[in-house]
Amino acid sequence: MNKKMIIAPIILLSAAAAAFAVSFLTEENNALTTTYLDVEVNNIQGTIRIVLLSDLHGKKFGRDNDILIKKIENINPDLICFAGDLTNGRDKKGKTDKTGLKLLADLNKSYPVLYIPGNHEYNGGEKIKNLHNELQKSGVRLLKSQIQSLTIKDNNINILGLEELENPNSVESLLTKFEKKESPKIVLSHFPENFPKYAQYNIDLILSGHAHGGQIILPLLGGIYAPGQGLFPKYYKGLYETRSVKMAVSRGLGSSVFPQRLFNRPEIVIVDIRPNDKS
């Protein structure tokens, strides 16, 4: 057997393996998944469906995020909550990234949208100030250390958006004030690592992001790394509970420093809030 007969199959196999790897890694970064979480709370009638989004980092799913928007339209939520890092905005120079602005503005035409800044939107200078002004002009509710009360299906929902980096000293007093509200009480917090501290308060549910699902998820080991938690983070996806307080963590949509996801596709989280049968 001559060398050409040996080399040709090797080249073909290598090319096929490379093409498969590129296709697989592209799919891991771009194929949207949906995760359904059920949460029982007191003082609620019927079911309220919340779509939790986070960590877009300026990413697009289709032109003008039409793929993402279509999936959300099919879910038909009562409320959309965005838990921070809409953009990679820590760079104060250059133009404001309009991707996240357009996404939330478009969604707000059909559904109430609440948004809190993430760490990438702190210290972003005029770019982020302009982004927030434009979001508010579009009707998106920007919650920076603020409480928003909404009526959804005859239920009064109280939602607190925490501003944990810019006003860290206000968090404790805000939560102390907020826990006196009637249920359902929902807190938007970008940083899931703060869950043990926040769970000491009389609230029902925390919606969070930031961990990017651990970036890479390995069987049996889970997420590999999350900012603020380090290696093998405790809070990186799904639902957690302590002291009757629950926290839903989104794996996020985009990436920031490390560009590749693995076994951790971009995620839309659907949180169905239902009556607590034991209450």
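Which residue of β15 does L207 stand opposite? In this predicted model, L207 stands opposite A248 in β15. Strand β9 (residues 205-208) and strand β15 (residues 245-249) are paired in the parallel sense, with four bridges between them.

**The six-stranded sheet**

These two strands belong to an open sheet of six strands, ordered β6-β7-β8-β9-β15-β14, in which the pairing is mixed. Its edge strands are β6 and β14 (238-242), each of which pairs on one side only. From one strand to the next, the twist averages 20°. Helix α5 packs on this sheet, where it touches β6, β7 and β8, and the direction of α5 makes about 170° with that of β7.

**Helix α5**

In α5 (residues 171-178), the buried residues are V171, L174, L175 and F178. Because they cover an arc of only 95° around the axis, they lie on the same side of α5. In an α-helix there are 3.6 residues a turn, so residues three or four places apart point the same way. The face turned away from the buried side of α5 carries E172 and K177, both exposed.

| Element packed against by the buried residues of α5 | Residues |
|---|---|
| β6 | 146-152 |
| β7 | 155-161 |
| β8 | 185-188 |
| α6 | 195-198 |

S183 is placed in the loop between α5 and β8. Is S183 buried or exposed? With a relative accessible area of 16%, S183 is buried, since buried means under 20%. The side chains of S183 and D204 are joined by a polar contact of 2.9 Å. Not counting residues up to four places away in sequence, S183 touches N42, N43, N156 and D204.

**Nonpolar cores**

The largest nonpolar core comprises 27 residues, and L53, L104, L107 and I268 are those with the most contacts inside it. Two or more residues are given to this core by each of β2 (48-53), α2 (66-75), β3 (79-82), α3 (99-108), β4 (113-115), α4 (125-137) and β16 (267-275). For L107, leaving aside neighbours within four places in sequence, the residues in contact are L53, I69, I72, I80 and V113. A second, separate core has 25 residues, including L79, L143, L205 and I273.

Definitions and conventions. Residues numbered from 1 in each chain as written. Predicted model: local features only at pLDDT ≥ 70, side-chain atom pairs only at ≥ 80, totals over all residues. Heavy atoms only, no water. Buried < 20%, exposed > 50% of the residue type's maximum accessible area, 1.4 Å probe, protein only. Arc of directions from axis to C-beta. Contact = heavy atoms within 4.5 Å. Core = buried A, V, L, I, M, F, W, Y, C linked by side-chain atoms within 4.5 Å. Polar contact = N/O pair within 3.5 Å; in protein donor to acceptor, adjacent residues only side chain to side chain. Pairing = 2+ DSSP bridges. Axes fitted to C-alpha atoms, helices over the stretch in contact; angles between N-to-C directions.
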